[in-house]
Amino acid sequence: MRLCVVSANLGSYDVQVPWTPQVVPPGVTVDVYRLTDENFPPRPKAMTSALQCGIPKMFGWQLFPDYDCYLWIDASRGLLRPDTVAWFLAQLPAWADLALFRHPERGTIAEEYAFVKAKLAAGSRYLTSRYAGEWLDAQYQATQHFGFRDRVLYASTAFMYRPTDAVKAMLTEWWVHKSRYHLHDQLALPFLVWKHRIMPAVLDGDIYHCDHLPITRARR
């Protein structure tokens, strides 16, 4: 099995820390791609660095083709343990083409929508700096169709997938939502997983306190 790890730190938003070489099961090889402004140049005429990060997040399978499995990790986290990739691989059973964490704080798209809306109205410095002017209401409405039942919210900080046709179609439409409506990409994720009939392996651990994905981002 050939496994690809992708991460992107564009606009030097995060401090780039060294990652630990990974120890994986026999028969598994791992290639790691950490994208920066130097090897994934900015496109200032078209998008911010925050939006550009969505390209490797949602199109890693296209940028780095011919791998059997892909692991996305936000630049706020890191491979600081030698067994992180092997651990994640163990979370992806044969019946699933996608493994991702359940959101540890909110349980539905509706809850996340209400949370972000309230925080923006209250003038949250962090959320305003990231999402002011984004089309939050339109994003939420775009998920309220086709008989979708809003029962889960995922954390999109890190996830592993097999590049099946259904998963690639889901990731492509995820990019459409991110660029069309709202930079906050996890709002649409449960709807798109459901729409493309993907059965995910859902990890119930708290991604914010996961030993295998330690936080490397310094508080600003």
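Student: Which helices and strands does the protein chain have, and in what order?

Tutor: The model is predicted. The protein chain holds eight helices and six strands. Read from the N terminus, the elements run β-β-α-α-β-α-β-α-α-α-β-α-α-β.

Student: What does the radius of gyration say about the protein chain?

Tutor: For 220 residues, a compact globule would have a radius of gyration near 17 Å, and the protein chain agrees with that at 17 Å. The C-alpha trace spans about 50 × 40 × 35 Å along its principal axes. Of the 220 residues, 50% are buried. Among contacts between residues at least 6 apart in sequence, 82% join residues at least 24 apart.

Student: How is a pair of aromatic rings described?

Tutor: By the distance of the centres and the angle of the planes. This structure holds 15 aromatic pairs. In one of them, F59 and W175 lie 6.3 Å apart, centre to centre, with 70° between the planes. Planes over 60 degrees apart count as edge-to-face, so that is the name for this pair.

Student: Where do F59 and W175 lie in the chain?

Tutor: F59 is in helix 2 (residues 54–63) and W175 in helix 7 (residues 165–180), so the pair ties together parts 116 residues apart in sequence. Both F59 and W175 are buried.

Student: How are the rings of F148 and W194 placed?

Tutor: Their centres are 5.5 Å apart and their planes are at 55°, so this pair is tilted. F148 lies in the loop between helix 6 (136–142) and strand 5 (154–161), whereas W194 lies in helix 8 (residues 189–195). The parts tied together here are 46 residues apart in sequence.

Student: Which residues form an aromatic cluster?

Tutor: Y33, F64, Y67, Y70, F159, Y161 and W174 form one cluster. R2 lies over the face of Y67, 4.2 Å from the ring centre. At another ring, the charged end of R34 sits over W19, at 4.1 Å from its centre.

Student: What does the side chain of Q139 make a polar contact with?

Tutor: With the side chain of H177, at 2.9 Å. Q139 is in helix 6 and is buried, with a relative accessible area of 1%. Leaving aside neighbours within four places in sequence, Q139 is in contact with residues including Y181, H184 and L187.

Methods. Residues numbered from 1 in each chain as written. Predicted model: local features only at pLDDT ≥ 70, side-chain atom pairs only at ≥ 80, totals over all residues. Heavy atoms only, no water. Phe/Tyr/Trp six-rings, centres within 6.5 Å; stacked < 30°, edge-to-face > 60°. Helix = DSSP H or I, 4+ residues; strand = E, 2+ residues; numbered from the N terminus. Buried < 20%, exposed > 50% of the residue type's maximum accessible area, 1.4 Å probe, protein only. Lys NZ or Arg CZ within 6 Å of the ring centre and 35° of its normal. Polar contact = N/O pair within 3.5 Å; in protein donor to acceptor, adjacent residues only side chain to side chain. Contact = heavy atoms within 4.5 Å. Rg over C-alpha atoms; globule rule 2.2 N^0.38 Å.
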